Amino acid sequence: MTVITGGLPAQGAAVLCAGAALWWTAERERAVRRARTVLALPGGWSTVRPAALGSWRDAVRRRREWLCLPLAAVLALVGASVLPLLAGAAAVPLVGRRLRAARARREREARADGVVALCGAVAGELRAGWQPAQALAFAARTTGALGGQEAAVLAAARFGGDVPEALRRAARQDGADGLAGMAACWQVAVDGGAGLAAGLDRLDAALRAQRDQRERLRAQLAGAWATVAVLAVLPVAGLGLGAVLGARPLTVLLHTPAGLGCLVVGGVLEALGLWWAARIVRGGEES
């Protein structure tokens with residue numbers, strides 16, 4: 001019995017490595033097949049291979065929530081119970097939702113930074129002597145701040161359309177609120193003859209101040225987020241310490257009535273604690 005118990009971590013590690021290898025092989029074959037369909041591109045395989053590898057890396061980054069299953073499989077083997085597998089399967093959509101929210105937040109912040117860069121670039125091109133439509137077209141292609149509305153905004157600017165309205169539609173994108181201010185500056189410059197560059201400079205300064213304030217607040221809340229992370233890791237550290245001391249915590253938690261009760265109550269309290277702490281910190285960020 002001692003030999004079997006000692007071999008369970010090795011078996012779990014072997015299963016984890018085998019699953020990861022099979023998944024990696026499948027993803028690589030899919031990337032290779034996609035690459036072979038476009039081998040007629042100039043440059044041949046040397047041109048396609050970086051794109052294939054990039055798509056494979058993007059696929060890995062976008063499916064990180066599925067790593068819960070191999071980890072749950074290892075715990076199921078070590079603890080000789082199916083409960084970790086069920087918990088891992090239930091965690092996949094929850095972790096995926098959190099990862100998608102974090103990715104959306106990064107994209108929103110990147111778009112907001114692009115709007116700041118757009119205002120500064122357009123103002124600079126206007127001072128260099130370019131016409132507003134030319135300055136907007138050059139700056140939009142350089143910064144990529146208009147997102148999916150870039151074609152509509154540039155068409156309105158090039159062919160004499162309603163540029164402020166096109167900018168307001170682009171401002172509906174998540175994180176592109178600053179484009180509404182740019183639309184107001186453009187409207188004032190067209191109707192009232194005011195200097196567009198001066199208005200964009202003031203808008204750029206306001207958006208930069210707002211971004212700096214957000215970064216300072218985030219730096220001040222870094223300690224609170226570290227506390228949330230420690231709160232999340234403490235139960236795992238406790239289980240690891242118990243296993244090192246030979247207490248067999250997984251056996252107790254997964255195969256005894258008292259252990260199952262403690263596992264359920266502890267899991268619920270841990271989830272509520274993390275949710276409440278994260279809510280407090282996010283409230284501070286949004287204030």
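This dialogue explains how to read selected features of a predicted model.

User: Which conventions apply to this model?

Analyst: The model is predicted: local features need pLDDT of at least 70, side-chain atom pairs count only at pLDDT 80 or more, and totals for chains, interfaces and linings use all residues. Residues are numbered from 1 along each chain as its sequence is written, and side-chain values use heavy atoms, with hydrogens and water left out.

User: How many helices and strands does the chain have?

Analyst: Helices (H or I, at least four residues) and strands (E, at least two) are DSSP runs, numbered from the N terminus. In this chain there are twelve helices and zero strands.

User: What share of the residues is buried?

Analyst: A residue is buried under 20% relative accessible area, exposed over 50%, and partly exposed in between (1.4 Å probe, protein chains only). Of the 287 residues in the chain, 28% are buried.

User: Which residues touch the most other members of the largest nonpolar core?

Analyst: A nonpolar core is a set of buried Ala, Val, Leu, Ile, Met, Phe, Trp, Tyr and Cys residues joined through side-chain atoms within 4.5 Å. The largest one has 35 residues, and L118, V122, L136, L179, M182 and L200 touch the most other members. Two or more residues come from each of α4, α5 (132–143), α6 (150–158), α7, α8 (178–192) and α9 (196–220). Helix α4 gives the most, with seven residues.

User: How many salt bridges are there, and which parts of the chain does the pair E109 and R218 link?

Analyst: A salt bridge is a side-chain nitrogen of Lys or Arg within 4 Å of a carboxyl oxygen of Asp or Glu. The count comes to seven. In one of them, E109 pairs with R218, with the closest N and O atoms 2.4 Å apart. This pair links distant parts of the chain, E109 being in helix α4 and R218 in helix α9, 109 residues apart. E109 is buried at 18% relative accessible area, whereas R218 is partly exposed at 28%.

User: Where do the partners D201 and R127 lie?

Analyst: D201 and R127 form a salt bridge (2.0 Å, N to O). D201 is in helix α9 and R127 in helix α4, so the pair ties together parts that are 74 residues apart in sequence. R127 is exposed, with 53% relative accessibility, and D201 is partly exposed, with 28%.

User: What separates R208 and D204 within helix α9?

Analyst: Their side chains meet in a salt bridge (3.0 Å, N to O). R208 and D204 are separated by about one helical turn because they are four residues apart in helix α9. D204 is buried at 12% relative accessibility, while R208 is partly exposed at 34%. Elsewhere, salt bridges that share partners join E165, R168 and R169 into one network.

User: Which residues make the nonpolar surface patch?

Analyst: Patches are made of residues with over 30% relative accessible area and no salt bridge; like charges are joined within 9 Å, and nonpolar side chains (Val, Leu, Ile, Met, Phe, Trp, Tyr) within 5 Å. Accessible areas come from the Shrake-Rupley method with a 1.4 Å probe, and for residues only the protein chains shown count as cover. Here V264, V265, V268, L269, L272, W275, W276 and I280 make a nonpolar patch of about 850 Å². W276 belongs to helix α12 (residues 257–286) and is partly exposed, at 48% relative accessibility.
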